[in-house]
Amino acid sequence: MRTAALAVAAMLLPASAATPSIPQDRPTTLAATPPMGWNSWNKFGCAIDENKVRHVADAIVASGMRDAGYRYVVVDDCWQNARDADGTILADTTRFPSGMRALSDYVHARGMLFGLYSDAGTKTCGGRPGSEGHEYQDARTYARWGVDYLKYDWCSTGTRNGQEAYRTMAAALAEAGAATGRPILLSICEWGTNKPWLWSPQVGQMWRTTGDIADRWNTSANGYDNGVVTIVDLNEPLWPFAGPGHWNDPDMLEVGNGHLSDIEYRSHFSLWAMMAAPLIAGNDVAAMTDATRTILTNREVIAVDQDPLGRQGHRVWRDGDRDIWTRPLTGGRRALLFFNRGATAARIAASWDQLDWPQHLRAHVRDLWAHRDLPMASGTLAADVAPHGVAMFVVTP
Ligand code: GLA
């Protein structure tokens, strides 16, 4: 009887039960609010090198982005090209002749944190060596280089179990980070394949929920190259799973990459803030326009993204091309977003019911893109919204 019960219990245990345990307090302290930073992939792809990263790091400081909260400078795929005879991962010396420790020092000297990319399979998506079978060795190498953030991808993983793979790297990073006193954030990038929102809160600080974003408004090609609106609709229903220390990641920003209008980029940025998404810029910060800088450094929108309550916002109403989104903030406040998906201007009006407020409640209204206070409101709030645009407010009772 007892043996049978044990056998059943063993069958119910997740496959990951045998993998090393991860300290439970780690996730929240590492990402109490959604991580912010920059990543090389969306703009540069594999054409990345240490000079580009240095220029971007300098520009993040000079543009005011660092002071607005962007902390992590992350080199995505293609920085690595081989392993040595002991299996130690090696940086591509033609692109990174000074080595990763020097680059990490450069970023740290500018008051920011340094991130790298790897993959849970035998090869990265760009065909470079992956970390499968080298997790502890790679984690120790990253720790030696002063790495603070690992984006961990899911190409060439065959039949590997997702939970097990990410738990193994999380445990390896926890051990390596504890040895140096420098914790390493784990950004889980398996595109939602293994429903990471169900298990990742104990494993990593953020998890991709979709296939890759592209610099386009909507539509996708086979789950890849997803437009901003396509990603929004995939990520939005997952709002209950986000919270301090563990965030849904609808992928990095395309703001400033050139194929959308500034109005559309403003919508993209605002929607990411409503969704408590990591704000990882993906443009050439060293060559951005003033309009792009203004979007990426809108501190009032960033404050919504970074609100310490850590509740992800979501859509509370949709009628054709018109959306209303709300997000609870600290102090009983609400972020309120009107989103016009359509190609013509639209009037959108929210009722206090949609904020879970009684109609008579009077509230102070702040317009986060106009940067001005509007007249006190009670019961409803309405605005005219440009095609593909948003109006975004914080309302305070
Ligand atoms: C995958 C990831 C992207 C990027 C590339 C790099 O597609 O989802 O974000 O890291 O790999 O090859």
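**Aromatic contacts**

1. One aromatic cluster is formed by Y152, W154, Y166 and W199. The model is predicted: local features need pLDDT of at least 70, side-chain atom pairs count only at pLDDT 80 or more, and totals for chains, interfaces and linings use all residues. Residues are numbered from 1 along each chain as its sequence is written, and side-chain values use heavy atoms, with hydrogens and water left out.

2. Rings of Phe, Tyr and Trp (its six-membered ring) pair if their centres lie within 6.5 Å; planes under 30 degrees apart count as stacked, over 60 as edge-to-face and the rest as tilted. This rule gives nine aromatic pairs. In one of them, W154 and Y166, the ring centres are 5.6 Å apart and the planes are at 35°, so the pair is tilted.

3. W154 is in the loop between β6 (149-153) and α8 (162-180), and Y166 is in helix α8, so their pair ties together parts twelve residues apart in sequence. Helices (H or I, at least four residues) and strands (E, at least two) are DSSP runs, numbered from the N terminus.

4. W154 is buried, at 8% relative accessible area, and Y166 is buried at 0%. Buried means under 20% relative accessible area (1.4 Å probe, protein chains only).

5. W217 and F339 make an edge-to-face pair, 6.1 Å centre to centre with 70° between the planes. W217 lies in the loop between β8 (206-208) and α9 (228-235) and F339 in strand β13 (residues 334-340), so the pair ties together parts 122 residues apart in sequence. Both W217 and F339 are buried.

Key:
Buried < 20%, exposed > 50% of the residue type's maximum accessible area, 1.4 Å probe, protein only.
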